[in-house]
Amino acid sequence: MSKINRDLLHEAIEEVLKGAQQKKRKFLETVELQVNLKNYDPQKDKRFSGTVKLKHVPRPKFSVCVLGDQQHIDEAKTHNIPSMDQESLKKLNKNKKLVKKLAKKYDAFLASDSLIKQIPRLLGPGLNKAGKFPSLLTHSEPMTGKIQDVKATIKFQMKKVLCLAVAVGHVRMNEADLTANVTLAINFLISLLKKNWQNVRSLYIKSTMGKPQRIY
């Protein structure tokens, strides 16, 4: 984290939270880390992709749906977690529009081990195309814990352009929690880059409707 000035980060986070307080919105604003890269050729260089679990859930409203066997469906119902069984998935009949609608409805999916291998056969490539192929849900771990993990996990993925943005928190978080998330996200991003800090042109944090604050 050596390259980020602690005081500057502290000020930036303070500004983001203050800005959101002064102009309150009707929805919970997300805080994003915006990254501009350099010395990278998206055409030639290997595009990186990686996920990291943050200490605090960045998006509380992040919705997860369980595609489960009977045991997981029962567990999901007990905890009021949205779920679908094999029959419900079959009913979608690989209809692209319906699968697309399902992918849009939830932010992420978990699937029982008995079902996960059948997803492409049941639904076609729709969830995969949307970047929402389910994560594995086993019977040895509590469902609620796994869902918290999924909610706290963010993904850095290099596309064809040299800038990317990820959610690292929201404006109702306190400064310490937000700082912890931002620090963790930046450290992880740097570890993904070929030349580490030499690939970073600039870093900003901003809330959905707020002004960007430069931190590097």
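**Largest pocket.** I looked up the largest pocket first, and its volume is about 740 Å³. A pocket here is an open set of points on a 1 Å grid over the protein atoms alone, where a 1.4 Å probe fits, with protein on both sides within 12 Å along at least five of seven lines. The volume is the space filled by probe spheres set on the points. I noted that this is a predicted model: local features need pLDDT of at least 70, side-chain atom pairs count only at pLDDT 80 or more, and totals for linings use all residues. Residues are numbered from 1 along each chain, and side-chain values use heavy atoms, without hydrogens and water.

Lining residues have an atom within 4 Å of a point. The largest pocket has 22 of them, and Arg 59, Gly 131, Thr 153, Ile 154 and Lys 155 are the closest to its centre.

Which strand gives the most to this lining? I found E7, with 5 residues. Strands E5 (108-112), E7 (153-157) and E8 (163-170) each supply at least two. Strands are DSSP runs of E, at least two residues, and helices are runs of H or I, at least four.

I sorted the lining into 12 nonpolar, 5 polar and 5 charged residues. Asp, Glu, Lys and Arg count as charged, and Gly counts as polar.

**Second largest pocket.** This one has a volume of about 220 Å³. I listed 14 lining residues, with Glu 15, Gly 19, Ala 20, Gly 210 and Lys 211 nearest its centre. Helix H1 (6-22) has the largest share, 5 residues. By class, I got 3 nonpolar, 5 polar and 6 charged.

**H1 and H9.** I then checked H1 against helix H9 (residues 175-192). Their axes, lines fitted to C-alpha atoms over the stretch in contact, come within 10 Å and cross at roughly 120°. Contact means heavy atoms within 4.5 Å. Among the residues making it are Leu 9 and Ile 13 of H1 and Leu 178 and Val 182 of H9.

How values were computed:
Axes fitted to C-alpha atoms, helices over the stretch in contact; angles between N-to-C directions.
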